[in-house]
Amino acid sequence: LIHLNPSLQNTFGVVWSGDEALKRPLFFGDPTEEQKRELAEWEKRLDIARERGVYDGDVVHAGMSPTIFRMAPLGRTARDAVLDAVRSGKVGFNTSLTLAFRLSIRGIDGIGLGAESFKLAVEKEPITGLLAMTREQVDQVDAAAPGVVAELGLYVLDRTAVPPGK
Amino acid sequence: VIEGARLLPWLQEAVRREPAAYRHFADCNHCKETMTVENRRTLGCGFLTGPVGAPAGKPEGYDGPQLTVCIGYSTSLPEVIEASRARWWAEKGQLTVWCDGDLPTPGLRLVIEEMDGQANAAVSHSMKESRKQGAS
C-alpha cells in the first residue's frame with residue numbers, strides 16, 4: 001500500500017499510468033467491447049488512486065514498486081509563464097506539456113536511469129526565465145518512460161487551471 | 001476537488017443538525033462497512049467502478065451545481081481537507097504561515113474562496129431555518 005497524498009500547495013507524488021508495476025490491462029490489436037469496458041474500469045481505478053493518494057492491491061502488482069514522480073503544483077508565476085508562452089505562439093501544445101513537467105518536477109523515486117538515486121539537475125529555462133529540469137534530463141526521463149513527460153505535464157497543468165476532479 | 005470544497009461546509013452543517021441521518025456521508029469507512037455494494041452504487045459512491053446511480057446526499061438548502069459523485073467521497077478528498085485546514089489559517093490572516101512562507105498557489109486560493117462562499121451560505125441557511133422553527 002503506497003500513500004501519495006495529492007496537494008494543492010505542497011510537493012506530491014504521482015505514478016505514471018504506463019508504469020509496469022501497475023495492473024493496467026494490456027491488449028493486442030483493436031480492443032473488443034469487453035476489453036474497452038475493462039480499460040474504462042482500470043482508468044477509473046487509477047483516477048481513484050490518484051484522487052485519494054492510495055495505491056493499493058487494486059492498482060499495483062504484488063511485490064512491485066512503481067516509480068514515484070514528485071511534483072509541485074505550479075505557482076502563479078510559473079503557470080502564467082507557461083500559458084503566456086502558449087498564447088503568444090512561442091510554444092505549441094506538446095512543448096507546453098514538457099515545460100509544465102520541467103517546471104513542476106522535484107524528484108523521482110525508483111526510476112531506472114542507472115543511478116542509485118536520481119538527482120534533479122536544473123537550468124534557467126529560456127522561454128520562461130524560470131529554473132526547470134534540464135533538457136538533457138527530461139530527454140533521459142522520456143526515454144526511460146516514453147510518454148510520461150506529456151502525461152504528467154498535462155496532469156500538472158490541469159490541476160493548475162482548475163483543481164481536479166470532484 | 002472544487003465540488004468537495006463547495007459541499008464540505010454544507011455537509012458539516014447538516015451533520016451538526018442531523019448527525020445520524022448524515023453519518024454515512026460523513027464517514028466513508030462506516031458506509032463501506034455497513035452498506036452493500038449495490039446500495040453504495042445507487043448512492044453514486046466514488047470508490048466504485050462501473051455504472052453508479054445519481055449521487056446522493058445533497059444537503060438541504062444547497063443550490064449549487066449538481067453533484068457528480070456521493071458527497072461523502074468528494075468532501076473527503078485529501079485536497080479538500082487540506083484546503084479546509086488552510087482556510088482556518090486564512091481566516092486568521094496567516095495563510096502564508098500555513099504555506100511555510102510561500103505564496104499560496106492559484107489552485108489553493110480558488111478552492112479556499114469557493115469553500116468560504118459556501119460556508120457563509122450554509123450558515124445563513126441554517127440561521128433562516130432556525131428562525132422559521134422558532135416562529136412556528
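Which side chains of chain A and chain B meet in a salt bridge? Keep that in mind as you open the model, which is a predicted one.

**Stop 1: chain B on its own**

Chain B has eight helices and zero strands. Colour by secondary structure and walk along the sequence. The pattern reads α-α-α-α-α-α-α-α. The C-alpha trace spans about 45 × 45 × 25 Å.

Now colour by burial. Chain B has 136 residues, and 46% of them count as buried. Then show contacts between residues with a separation of 6 or more. In chain B, 59% of these join residues 24 or more positions apart.

**Stop 2: a loop in chain B**

Select B:Pro65. This residue sits in the loop that runs between helix 4 (37-42) and helix 5 (71-75) of chain B. Is B:Pro65 buried, exposed or partly exposed? Its relative accessibility is 42%, so B:Pro65 counts as partly exposed. The cut-offs behind that label are under 20% for buried and over 50% for exposed.

**Stop 3: a pair inside chain B**

Select B:Arg6 and B:Glu114. They form a salt bridge, and the closest N and O atoms are 2.9 Å apart. B:Arg6 belongs to helix 1 (residues 2-17) of chain B, and B:Glu114 to helix 8 (residues 106-135) of chain B. The pair therefore ties together parts that are 108 residues apart in sequence. B:Arg6 is buried at 18% relative accessibility, while B:Glu114 is partly exposed at 24%.

**Stop 4: where the chains touch**

Bring chain A back. Select the residues in contact across the two chains. Together the chains bury about 2,100 Å² between them. Carbon and sulfur atoms carry 57% of that area.

Next, show polar contacts. Eleven residue pairs, both at pLDDT 80 or more, are in polar contact between chain A and chain B.

**Stop 5: the bridge between the chains**

How many salt bridges are counted between chain A and chain B? The count is one. Select B:Glu79 and A:Arg159. Their side chains meet at 2.6 Å, N to O. This answers the opening question.

Why do B:Glu79 and A:Arg159 both count as buried? B:Glu79 has a relative accessible area of 3%, and A:Arg159 is at 8%. Both values fall under the 20% cut-off, so both residues get the label.

**Stop 6: a pair inside chain A**

Over all chains, the count comes to 14 salt bridges. One of them joins A:Glu123 and A:Arg102, so select that pair next. The N to O distance is 2.8 Å. A:Glu123 lies in strand 6 (residues 122-124) of chain A, and A:Arg102 lies in helix 3 (residues 93-104) of chain A. The bridge therefore ties together parts that are 21 residues apart in sequence. A:Glu123 is partly exposed, with a relative accessible area of 27%. A:Arg102 is buried, with 6%.

**Stop 7: the nonpolar cores**

Switch to side chains. The largest nonpolar core has 38 residues. Select A:Tyr55, A:Phe69, A:Met71, A:Phe101 and A:Val141, which touch the most other members.

Finish at a second, separate core of 19 residues. Which residues does this second core include? Among them are A:Leu8, B:Val1, B:Ala86 and B:Ile112.

How values were computed
Residues numbered from 1 in each chain as written. Chains lettered and ligands numbered in written order. Predicted model: local features only at pLDDT ≥ 70, side-chain atom pairs only at ≥ 80, totals over all residues. Heavy atoms only, no water. Buried area = accessible area lost by both parts, 1.4 Å probe. Salt bridge = Lys/Arg side-chain N within 4 Å of Asp/Glu carboxyl O. Polar contact = N/O pair within 3.5 Å; in protein donor to acceptor, adjacent residues only side chain to side chain. Core = buried A, V, L, I, M, F, W, Y, C linked by side-chain atoms within 4.5 Å. Buried < 20%, exposed > 50% of the residue type's maximum accessible area, 1.4 Å probe, protein only. Helix = DSSP H or I, 4+ residues; strand = E, 2+ residues; numbered from the N terminus. Contact = heavy atoms within 4.5 Å.
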